[in-house]
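Here are some notes for a first look through this one. Keep the viewer open as you read.

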There are 2 protein chains.
Amino acid sequence: MKELKSVETCNVSRRKMLLGTGALAAGVALSQVGGLIKSAEATGGKTEKWPWPYKKLDPAKTAEIAYNEWYRVFCGAAVINSVFTQLREKIGEPYASFPSDAFVFLEGGQVGWGTICGSPAGANIVANLIIGPRIDGAHAGHQIAQDIMQWYSETELPTFTPTKPRISATLPTTTSNSPLCHLSVGKWMKAADKSLKSKERKDRCARVAASTAYQLVTYLNEWKEGSYEATSDFSCSKENGITGQFNCTECHGDDVPEAPGA
Amino acid sequence: MKELKSVETCNVSRRKMLLGTGALAAGVALSQVGGLIKSAEATGGKTEKWPWPYKKLDPAKTAEIAYNEWYRVFCGAAVINSVFTQLREKIGEPYASFPSDAFVFLEGGQVGWGTICGSPAGANIVANLIIGPRIDGAHAGHQIAQDIMQWYSETELPTFTPTKPRISATLPTTTSNSPLCHLSVGKWMKAADKSLKSKERKDRCARVAASTAYQLVTYLNEWKEGSYEATSDFSCSKENGITGQFNCTECHGDDVPEAPGA
């Protein structure tokens, strides 16, 4: 039994310039009092031994798979399948037994509610399934998920162009400043002046899934090589005393509330 | 091969009163042009045959498990484990092989980023793993996820009080009007005047996980009995031409942008 540190303690601050005047940048060091039990002991699950076996994958090939899978299972399951279909072939179990297609519901920010984009949601699942949860002593899965969230928010997407795109026109690229589907899709739709139901919007989302799969496999390959270093420097709870993103003023305007105890 | 309908086509409108004057409530009927391939054929995954076997569970017992599991694996994995640990015992596979603890990263709205609360994220995973994805011909998993999102957003949470609470004081209840961790936790912290690191906030989140597990098992039991009827009447894309929540003015104020093509 050792003390379980909560997610809020991980990172170094840097986004204060983006906050309204009401926001406090408090460096609270938090700790969970719940006890740590090794996952495998607690649940007896035979797939709960980490890390899962991994072989380095080609990022571009993975992105192509994600692009095409989007048209079958949408963003979240496309990212999962882009990695797992290859590892099923190269390795077999536990990838063969993982029910990836159940994650179609990640579409549209989870059944259309516009919360987290399915592409980072799927990437986070893959990284944590392969590397394991931080309560099991592995931290790189959690860190890769943090890196994916920040990379997705800060990058002009899509970055990947498929070899055989279904849309021949050049698509605009936009920076979402958020991992939320609503903001990511909304900003792109505004820049492109295209509707949600347009072929261009769909192909943009397929390319975002492909771009995310490319980035995910880049991180996983570095982790496999032993060269992965976490780059995300954002922790909202550490800076603001609440879970959240870095774009406070985008919703709050100048009137960013101060969290109790921050 | 049949046409795959996108998530945007599912529901009936009702939230127009919540929208600012700039929002259009357009009833766009969308369809994806991607082809449908049965999941099992596409991936060969042996767990990708739906529905998975299910036996009715006691909602209160499930909620107690979720409450206690929160202190080990946080919100998302607590909800998953509250159902799957029981089904591992009652049924065995495929629950025994599912790596639930990998989903610790759902904490704090995914590694602390405040996006979807881990409790509905975990519930959505459970419903779709058991019932299967809509591309496989099953729709109740998708519908239960929609119901969970709406129930979570509209309900004064937490609804469940554990038999042996770790905090003896009465905790306030709040309605988030959103499935996002940032809004759910933030509104509760404001009402309770408690910090993110407080014992009260942690126990509130453990009880929200328990409340969500209770509601999820209520839906799953109805589905097993054949009496489940979808109740969610919200589809942002149908009403507004974009994925999203119903609380438009909460972030946009009166200046809700109109989606292209809406």
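1. Let's start with a loop. Asn177(A) sits in the stretch between H4 and H5 of chain A. Bear in mind that what you are looking at is a predicted model. The backbone at Asn177(A) has a positive phi of about 50 degrees, even though the residue is not a glycine. Is Asn177(A) buried, exposed or partly exposed? With 16 other C-beta atoms within 10 Å, Asn177(A) counts as partly exposed.

2. Now move along to Asp193(A), in the loop between H5 and H6 of chain A. Asp193(A) is not a glycine, and has a positive phi of about 55 degrees. There are 11 other C-beta atoms within 10 Å of Asp193(A), so this residue is classed as exposed; the cut-off is 12 or fewer. As background, most residues other than glycine have a negative phi, and most peptide bonds are trans.

3. On to the peptide bonds. Glu93(A) and Pro94(A) are joined by a cis bond, with omega about 0 degrees. Look for Pro94(A) in the loop between H2 and H3 of chain A. Over in chain B, the bond from Trp50(B) to Pro51(B) is cis as well, and its omega is near -5 degrees. Pro51(B) belongs to the loop that runs between helix H1 (39-43) and helix H2 (59-90) of chain B.

4. While you have the H2 to H3 loop of chain A on screen, find Ala96(A), which lies there too. Ala96(A) has 17 other C-beta atoms within 10 Å, which makes it partly exposed. Thr85(A) is 11 residues away from Ala96(A) along the chain, and the two C-alpha atoms are separated by 8.1 Å.

5. Next, a helix pair. The axes of H4(A) and H6(A), the latter covering residues 199-225, come within 11 Å and cross at roughly 145 degrees. What is the handedness of the crossing of H4(A) and H6(A)? It is right-handed. From H4(A), the residues involved include Ile144(A), Asp147(A) and Trp151(A), and among those they meet in H6(A) are Gln215(A), Leu216(A) and Tyr219(A). By type, this contact divides into eight nonpolar residues, two polar and one charged.

6. Leu216(A) turns up again in the largest nonpolar core, which has 142 residues. Ala209(A), Leu216(A), Ala209(B) and Leu216(B) are the ones with the most contacts inside that core. Leaving out residues up to four places away in sequence, Ala209(A) touches several others, including Ala66(A), Trp70(A), Val79(A) and Ser119(A).

7. How do the two chains meet? The contact draws 78 residues from chain A and 77 residues from chain B. On the chain A side, the elements giving two or more residues include strand E2 (32-35), helix H2 (59-90) and helix H5 (181-192). The largest share comes from H5(A), with six residues. That side of chain A is made up of 33 nonpolar, 33 polar and 12 charged residues.

8. Finally, the symmetry. Chain A superposes on chain B through a rotation of 180 degrees with 0.0 Å of shift along the axis, at an RMSD of 0.0 Å. The two copies are therefore related as by a two-fold rotation axis. Within chain A, Cys251(A) has the C-alpha nearest that axis, at 2.3 Å. Because 99% of the interface residues of chain A are also interface residues in chain B, the copies meet through the same surface.

Terms used. Residues are numbered from 1 along each chain as its sequence is written. Chains are lettered from A and ligands numbered from 1 in the order in which they are written. This is a predicted model: local features need pLDDT of at least 70, side-chain atom pairs count only at pLDDT 80 or more; totals for chains, interfaces and linings use all residues. Two residues are in contact if their C-beta atoms, placed from the backbone, lie within 7 Å. Helices (H or I, at least four residues) and strands (E, at least two) are DSSP runs, numbered from the N terminus. Ala, Val, Leu, Ile, Met, Phe, Trp, Tyr, Cys and Pro count as nonpolar, Asp, Glu, Lys and Arg as charged, and the others, Gly among them, as polar. Copies are superposed by least squares on the C-alpha atoms of residues with pLDDT of at least 70 in both. A residue is buried if 20 or more other C-beta atoms lie within 10 Å of its own, exposed if 12 or fewer, and partly exposed in between; C-beta atoms are placed from the backbone. Axes are lines fitted to C-alpha atoms, for helices over the stretch in contact, and angles run from 0 to 180 degrees between N-to-C directions. A crossing is left-handed if the near helix is turned anticlockwise from the far one by less than a right angle, and right-handed if clockwise. A nonpolar core is a set of buried Ala, Val, Leu, Ile, Met, Phe, Trp, Tyr and Cys residues joined through C-beta atoms within 7 Å.
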